[in-house]
Amino acid sequence: MRVVRVTGFGGPEVLVPGEAPDPVAGPGQVVVEVAVAGVTFVETQIRRGTDQWHARPELPYVPGGLVAGRVSSAGEGVDPAWAGRRVIAGTGETGGFAERAVAVAEDLFPVPDGLELPEAVALHSDGSTAQGLIEGAKVRPGEWVLVEAAAGGVGSLLVQLARTAGARVVGAARGSRKLDLIRELGAEAAVDYSEPGWTGRVLEATGGAGPDVVFDGVGGEIGRAAFEVTARGGRFSVHGASSGEVTVVDPARREDVDVIGIEQLFDFGPNVVRWAEQMMAQAAAGLVRPVIGQTFPLERAADAHAAIEHRTALGKTLLLI
(Lines give C-alpha, C1' and ligand atoms only; values in the text may rest on other atoms or scores of the structure.)
Protein backbone atom coordinates (compact mmCIF):
# COMPACT_ATOMS: atom_id res chain seq x y z
CA MET A 1 0.00 0.00 0.00
CA ARG A 2 1.03 3.63 -0.42
CA VAL A 3 2.28 5.53 2.62
CA VAL A 4 4.12 8.73 3.43
CA ARG A 5 6.96 8.48 5.93
CA VAL A 6 8.94 11.03 7.90
CA THR A 7 12.53 10.08 7.12
CA GLY A 8 14.24 12.61 9.39
CA PHE A 9 13.40 15.54 11.62
CA GLY A 10 13.21 18.73 9.59
CA GLY A 11 11.13 20.66 7.06
CA PRO A 12 8.21 19.38 4.99
CA GLU A 13 10.63 17.80 2.50
CA VAL A 14 11.30 14.95 4.97
CA LEU A 15 7.80 13.63 4.19
CA VAL A 16 8.56 11.02 1.53
CA PRO A 17 6.03 8.84 -0.34
CA GLY A 18 6.73 5.11 -0.37
CA GLU A 19 5.27 1.64 -0.07
CA ALA A 20 4.57 -0.57 2.96
CA PRO A 21 2.99 -4.00 3.55
CA ASP A 22 -0.74 -4.00 4.15
CA PRO A 23 -1.46 -3.94 7.89
CA VAL A 24 -3.23 -6.86 9.60
CA ALA A 25 -5.72 -6.41 12.42
CA GLY A 26 -4.71 -8.07 15.68
CA PRO A 27 -7.02 -8.99 18.57
CA GLY A 28 -9.38 -6.12 19.33
CA GLN A 29 -8.29 -4.20 16.24
CA VAL A 30 -9.68 -3.30 12.83
CA VAL A 31 -8.16 -2.22 9.53
CA VAL A 32 -9.62 0.99 8.10
CA GLU A 33 -9.53 1.78 4.39
CA VAL A 34 -8.44 5.38 4.77
CA ALA A 35 -10.39 7.96 2.79
CA VAL A 36 -9.41 11.05 4.80
CA ALA A 37 -6.45 11.79 7.04
CA GLY A 38 -6.41 14.79 9.32
CA VAL A 39 -3.41 17.12 9.49
CA THR A 40 -2.62 19.28 12.53
CA PHE A 41 -0.13 22.00 13.39
CA VAL A 42 1.18 19.92 16.29
CA GLU A 43 2.10 17.16 13.83
CA THR A 44 4.25 19.64 11.91
CA GLN A 45 6.10 20.45 15.13
CA ILE A 46 6.58 16.76 15.90
CA ARG A 47 8.01 16.31 12.40
CA ARG A 48 10.45 19.14 12.98
CA GLY A 49 11.46 17.66 16.33
CA THR A 50 10.49 20.86 18.16
CA ASP A 51 7.28 19.75 19.92
CA GLN A 52 7.53 19.88 23.71
CA TRP A 53 4.43 17.90 24.58
CA HIS A 54 4.83 14.52 22.87
CA ALA A 55 7.49 11.83 22.87
CA ARG A 56 9.72 12.03 19.80
CA PRO A 57 8.79 9.14 17.47
CA GLU A 58 11.40 6.68 16.25
CA LEU A 59 12.47 7.29 12.64
CA PRO A 60 11.23 6.57 10.09
CA TYR A 61 7.56 6.87 11.02
CA VAL A 62 4.21 7.33 9.29
CA PRO A 63 2.52 10.45 10.68
CA GLY A 64 -1.18 11.14 11.00
CA GLY A 65 -3.15 10.54 14.18
CA LEU A 66 -6.74 10.59 12.91
CA VAL A 67 -8.39 9.04 9.86
CA ALA A 68 -11.82 8.36 8.45
CA GLY A 69 -12.91 5.54 6.17
CA ARG A 70 -14.60 2.15 6.09
CA VAL A 71 -13.68 -0.84 8.21
CA SER A 72 -12.35 -3.50 5.83
CA SER A 73 -11.39 -6.26 8.28
CA ALA A 74 -11.51 -7.04 11.98
CA GLY A 75 -9.35 -9.02 14.35
CA GLU A 76 -10.27 -11.57 16.97
CA GLY A 77 -12.84 -10.41 19.50
CA VAL A 78 -14.20 -7.54 17.40
CA ASP A 79 -17.94 -7.24 16.77
CA PRO A 80 -18.41 -8.25 13.10
CA ALA A 81 -21.05 -5.51 12.80
CA TRP A 82 -18.19 -3.01 12.38
CA ALA A 83 -17.37 -4.46 8.94
CA GLY A 84 -18.10 -1.96 6.19
CA ARG A 85 -19.07 0.85 8.54
CA ARG A 86 -17.85 4.42 8.09
CA VAL A 87 -15.77 5.39 11.08
CA ILE A 88 -13.35 7.89 12.51
CA ALA A 89 -10.35 6.23 14.10
CA GLY A 90 -7.23 7.15 15.97
CA THR A 91 -4.37 5.34 14.31
CA GLY A 92 -1.87 2.95 15.81
CA GLU A 93 1.73 2.32 14.83
CA THR A 94 0.93 2.28 11.11
CA GLY A 95 -0.05 5.97 11.17
CA GLY A 96 -2.71 7.76 9.18
CA PHE A 97 -0.83 8.92 6.10
CA ALA A 98 -1.49 5.60 4.39
CA GLU A 99 -4.08 3.79 2.31
CA ARG A 100 -4.89 1.50 5.23
CA ALA A 101 -4.43 1.89 8.97
CA VAL A 102 -4.93 -0.21 12.09
CA ALA A 103 -7.10 1.09 14.91
CA VAL A 104 -8.40 -0.21 18.23
CA ALA A 105 -12.03 -1.25 17.79
CA GLU A 106 -13.25 0.10 21.11
CA ASP A 107 -12.07 3.58 20.14
CA LEU A 108 -13.92 3.74 16.81
CA PHE A 109 -16.38 6.58 16.30
CA PRO A 110 -19.22 5.82 13.86
CA VAL A 111 -19.85 8.58 11.34
CA PRO A 112 -23.52 9.61 11.28
CA ASP A 113 -25.47 9.10 8.07
CA GLY A 114 -25.66 12.25 6.00
CA LEU A 115 -22.29 13.58 7.15
CA GLU A 116 -19.38 13.46 4.72
CA LEU A 117 -16.10 12.01 5.96
CA PRO A 118 -14.00 15.21 5.58
CA GLU A 119 -16.51 17.20 7.63
CA ALA A 120 -16.67 14.41 10.19
CA VAL A 121 -12.89 14.48 10.69
CA ALA A 122 -12.89 18.24 11.22
CA LEU A 123 -15.79 18.11 13.64
CA HIS A 124 -14.34 15.19 15.61
CA SER A 125 -10.82 16.55 16.13
CA ASP A 126 -10.90 20.33 16.03
CA GLY A 127 -14.57 20.40 16.94
CA SER A 128 -14.23 18.42 20.14
CA THR A 129 -11.28 20.60 21.15
CA ALA A 130 -13.26 23.77 20.50
CA GLN A 131 -16.27 22.44 22.41
CA GLY A 132 -14.07 21.54 25.36
CA LEU A 133 -12.46 24.98 25.39
CA ILE A 134 -15.85 26.71 25.30
CA GLU A 135 -17.05 24.58 28.24
CA GLY A 136 -13.87 25.16 30.20
CA ALA A 137 -14.00 28.94 29.78
CA LYS A 138 -17.73 29.04 30.60
CA VAL A 139 -18.59 31.51 27.85
CA ARG A 140 -21.75 33.44 28.69
CA PRO A 141 -24.24 35.46 26.62
CA GLY A 142 -23.24 39.08 26.08
CA GLU A 143 -19.56 38.56 26.85
CA TRP A 144 -16.80 39.66 24.52
CA VAL A 145 -14.59 36.82 23.31
CA LEU A 146 -11.24 37.20 21.55
CA VAL A 147 -10.21 34.22 19.41
CA GLU A 148 -6.60 34.08 18.21
CA ALA A 149 -5.83 32.19 14.99
CA ALA A 150 -9.55 32.58 14.33
CA ALA A 151 -9.33 31.39 10.72
CA GLY A 152 -7.75 28.05 11.65
CA GLY A 153 -9.41 24.70 12.22
CA VAL A 154 -10.04 25.14 15.95
CA GLY A 155 -10.30 28.93 15.83
CA SER A 156 -12.99 29.03 13.14
CA LEU A 157 -15.13 26.69 15.24
CA LEU A 158 -14.47 28.69 18.41
CA VAL A 159 -15.81 31.79 16.64
CA GLN A 160 -19.01 29.96 15.76
CA LEU A 161 -19.46 28.28 19.14
CA ALA A 162 -18.94 31.54 21.01
CA ARG A 163 -21.56 33.16 18.78
CA THR A 164 -23.94 30.26 19.41
CA ALA A 165 -23.43 30.81 23.16
CA GLY A 166 -24.58 34.41 22.71
CA ALA A 167 -21.15 36.02 22.98
CA ARG A 168 -19.77 38.84 20.85
CA VAL A 169 -16.60 37.85 19.03
CA VAL A 170 -13.39 39.55 17.98
CA GLY A 171 -11.34 37.31 15.71
CA ALA A 172 -7.61 37.81 15.25
CA ALA A 173 -5.55 36.39 12.40
CA ARG A 174 -3.02 37.38 9.73
CA GLY A 175 -3.93 38.69 6.26
CA SER A 176 -7.06 39.86 4.48
CA ARG A 177 -8.23 36.40 3.35
CA LYS A 178 -8.38 35.21 6.92
CA LEU A 179 -10.03 38.38 8.20
CA ASP A 180 -12.74 38.05 5.53
CA LEU A 181 -13.42 34.48 6.66
CA ILE A 182 -13.64 35.52 10.31
CA ARG A 183 -16.27 38.13 9.50
CA GLU A 184 -18.16 35.61 7.37
CA LEU A 185 -18.31 33.28 10.37
CA GLY A 186 -20.04 35.94 12.45
CA ALA A 187 -17.33 37.84 14.30
CA GLU A 188 -18.28 41.46 14.97
CA ALA A 189 -14.68 42.55 14.51
CA ALA A 190 -11.60 41.08 12.84
CA VAL A 191 -8.08 42.35 13.54
CA ASP A 192 -4.73 41.53 11.97
CA TYR A 193 -2.25 40.70 14.71
CA SER A 194 0.69 41.13 12.34
CA GLU A 195 0.03 44.89 12.36
CA PRO A 196 1.36 47.23 15.06
CA GLY A 197 -1.21 48.30 17.63
CA TRP A 198 -3.58 45.42 16.97
CA THR A 199 -4.57 45.14 20.64
CA GLY A 200 -5.73 48.74 20.51
CA ARG A 201 -8.28 47.71 17.90
CA VAL A 202 -9.40 44.87 20.21
CA LEU A 203 -9.95 47.39 23.00
CA GLU A 204 -11.81 49.70 20.62
CA ALA A 205 -14.12 46.88 19.50
CA THR A 206 -14.90 45.94 23.11
CA GLY A 207 -15.65 49.50 24.21
CA GLY A 208 -12.35 49.87 26.03
CA ALA A 209 -13.01 47.09 28.54
CA GLY A 210 -11.16 44.30 26.77
CA PRO A 211 -12.43 40.78 26.08
CA ASP A 212 -13.99 38.78 28.91
CA VAL A 213 -12.56 35.58 27.43
CA VAL A 214 -9.44 35.05 25.33
CA PHE A 215 -8.72 31.81 23.50
CA ASP A 216 -4.96 31.76 23.04
CA GLY A 217 -3.80 29.34 20.38
CA VAL A 218 -0.71 31.28 19.29
CA GLY A 219 1.33 32.08 22.39
CA GLY A 220 4.55 34.07 22.31
CA GLU A 221 4.35 37.82 21.85
CA ILE A 222 0.81 37.64 20.49
CA GLY A 223 -0.41 35.63 23.48
CA ARG A 224 1.25 38.00 25.94
CA ALA A 225 -0.24 41.03 24.20
CA ALA A 226 -3.70 39.44 24.25
CA PHE A 227 -3.36 38.71 27.95
CA GLU A 228 -2.57 42.35 28.67
CA VAL A 229 -5.92 43.50 27.24
CA THR A 230 -8.02 40.78 28.89
CA ALA A 231 -10.74 42.35 31.02
CA ARG A 232 -10.27 42.27 34.78
CA GLY A 233 -12.08 39.25 36.14
CA GLY A 234 -11.88 37.61 32.70
CA ARG A 235 -10.61 34.21 31.60
CA PHE A 236 -7.50 33.56 29.54
CA SER A 237 -7.65 30.06 28.02
CA VAL A 238 -4.46 28.62 26.51
CA HIS A 239 -4.72 25.78 23.99
CA GLY A 240 -1.81 26.16 21.59
CA ALA A 241 1.57 27.66 20.79
CA SER A 242 1.80 28.01 17.03
CA SER A 243 4.40 30.73 17.61
CA GLY A 244 6.64 28.06 19.12
CA GLU A 245 6.24 29.38 22.67
CA VAL A 246 3.43 28.93 25.19
CA THR A 247 2.23 32.21 26.68
CA VAL A 248 4.00 32.96 29.96
CA VAL A 249 1.83 35.07 32.27
CA ASP A 250 3.15 37.52 34.84
CA PRO A 251 2.21 35.94 38.21
CA ALA A 252 1.18 39.34 39.55
CA ARG A 253 -1.52 39.62 36.88
CA ARG A 254 -3.06 36.27 37.75
CA GLU A 255 -4.94 38.03 40.55
CA ASP A 256 -6.95 39.92 37.93
CA VAL A 257 -7.44 37.19 35.31
CA ASP A 258 -8.27 33.49 35.61
CA VAL A 259 -5.63 31.67 33.55
CA ILE A 260 -6.70 28.27 32.19
CA GLY A 261 -3.38 26.73 31.16
CA ILE A 262 -2.53 24.49 28.24
CA GLU A 263 -2.54 21.58 30.70
CA GLN A 264 -6.33 21.56 30.33
CA LEU A 265 -5.86 19.62 27.08
CA PHE A 266 -4.46 16.64 28.97
CA ASP A 267 -7.87 16.07 30.57
CA PHE A 268 -9.89 16.30 27.36
CA GLY A 269 -9.60 12.60 26.42
CA PRO A 270 -12.57 11.17 28.40
CA ASN A 271 -14.90 13.81 26.93
CA VAL A 272 -13.89 13.71 23.26
CA VAL A 273 -16.72 11.40 22.19
CA ARG A 274 -19.37 13.50 23.95
CA TRP A 275 -18.01 16.73 22.53
CA ALA A 276 -17.70 15.27 19.04
CA GLU A 277 -21.32 14.11 19.18
CA GLN A 278 -22.39 17.58 20.28
CA MET A 279 -20.48 19.19 17.44
CA MET A 280 -21.97 16.89 14.83
CA ALA A 281 -25.46 17.54 16.20
CA GLN A 282 -24.88 21.29 16.01
CA ALA A 283 -23.58 20.95 12.47
CA ALA A 284 -26.68 18.96 11.51
CA ALA A 285 -28.80 21.75 13.00
CA GLY A 286 -26.94 24.36 10.94
CA LEU A 287 -25.42 26.10 13.98
CA VAL A 288 -21.78 25.46 13.03
CA ARG A 289 -19.90 24.36 9.97
CA PRO A 290 -16.34 23.11 9.67
CA VAL A 291 -14.16 25.19 7.38
CA ILE A 292 -12.13 22.86 5.17
CA GLY A 293 -9.86 25.30 3.45
CA GLN A 294 -7.59 22.97 1.47
CA THR A 295 -7.17 19.30 0.66
CA PHE A 296 -4.25 17.39 -0.81
CA PRO A 297 -3.72 13.89 -2.19
CA LEU A 298 -1.58 11.53 -0.11
CA GLU A 299 1.58 12.00 -2.19
CA ARG A 300 1.44 15.76 -1.52
CA ALA A 301 1.51 15.44 2.26
CA ALA A 302 4.60 17.67 2.30
CA ASP A 303 2.58 20.44 0.63
CA ALA A 304 -0.13 20.06 3.27
CA HIS A 305 2.41 20.49 6.06
CA ALA A 306 3.98 23.45 4.27
CA ALA A 307 0.62 25.21 3.91
CA ILE A 308 0.06 24.97 7.65
CA GLU A 309 3.58 26.06 8.56
CA HIS A 310 3.61 28.99 6.14
CA ARG A 311 0.31 30.26 7.60
CA THR A 312 -1.44 30.15 4.21
CA ALA A 313 -4.01 27.53 5.24
CA LEU A 314 -7.60 28.42 6.02
CA GLY A 315 -9.59 26.26 8.43
CA LYS A 316 -8.86 22.54 8.41
CA THR A 317 -6.26 20.88 6.16
CA LEU A 318 -6.92 17.30 5.06
CA LEU A 319 -5.40 14.57 2.94
CA LEU A 320 -7.87 12.78 0.63
CA ILE A 321 -6.72 9.26 -0.15
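**A tour of aromatic pairs and a helix contact**

Begin by selecting W198, which counts as buried because its relative accessibility is 8%, buried meaning under 20% relative accessible area with a 1.4 Å probe and protein chains only. The model is predicted, so local features need pLDDT of at least 70 and side-chain atom pairs count only at pLDDT 80 or more, while totals for chains, interfaces and linings use all residues. Residues are numbered from 1 along each chain as its sequence is written, and side-chain values use heavy atoms, with hydrogens and water left out.

The structure holds three aromatic pairs, where rings of Phe, Tyr and Trp (its six-membered ring) pair if their centres lie within 6.5 Å. In one of them, the ring centres of Y193 and W198 are 5.9 Å apart with planes at 80°, so the pair is edge-to-face, a term for planes over 60 degrees apart.

Select F268 and W275 next: their ring centres lie 4.9 Å apart and their planes meet at 75°, so this pair is edge-to-face, and both F268 and W275 are buried.

Now move to helix 1 (residues 41–48) and helix 8 (residues 301–309), which pack at an angle of about 105° with axes 10 Å apart; helices here are DSSP runs of H or I with at least four residues, numbered from the N terminus, and axes are lines fitted to C-alpha atoms over the stretch in contact, with angles running from 0 to 180 degrees between N-to-C directions. That angle makes helix 1 roughly perpendicular to helix 8, the term for 65 to 115 degrees.

Note on methods: Helix = DSSP H or I, 4+ residues; strand = E, 2+ residues; numbered from the N terminus. Parallel < 35°, antiparallel > 145°, perpendicular 65-115°, else oblique. Phe/Tyr/Trp six-rings, centres within 6.5 Å; stacked < 30°, edge-to-face > 60°. Buried < 20%, exposed > 50% of the residue type's maximum accessible area, 1.4 Å probe, protein only.
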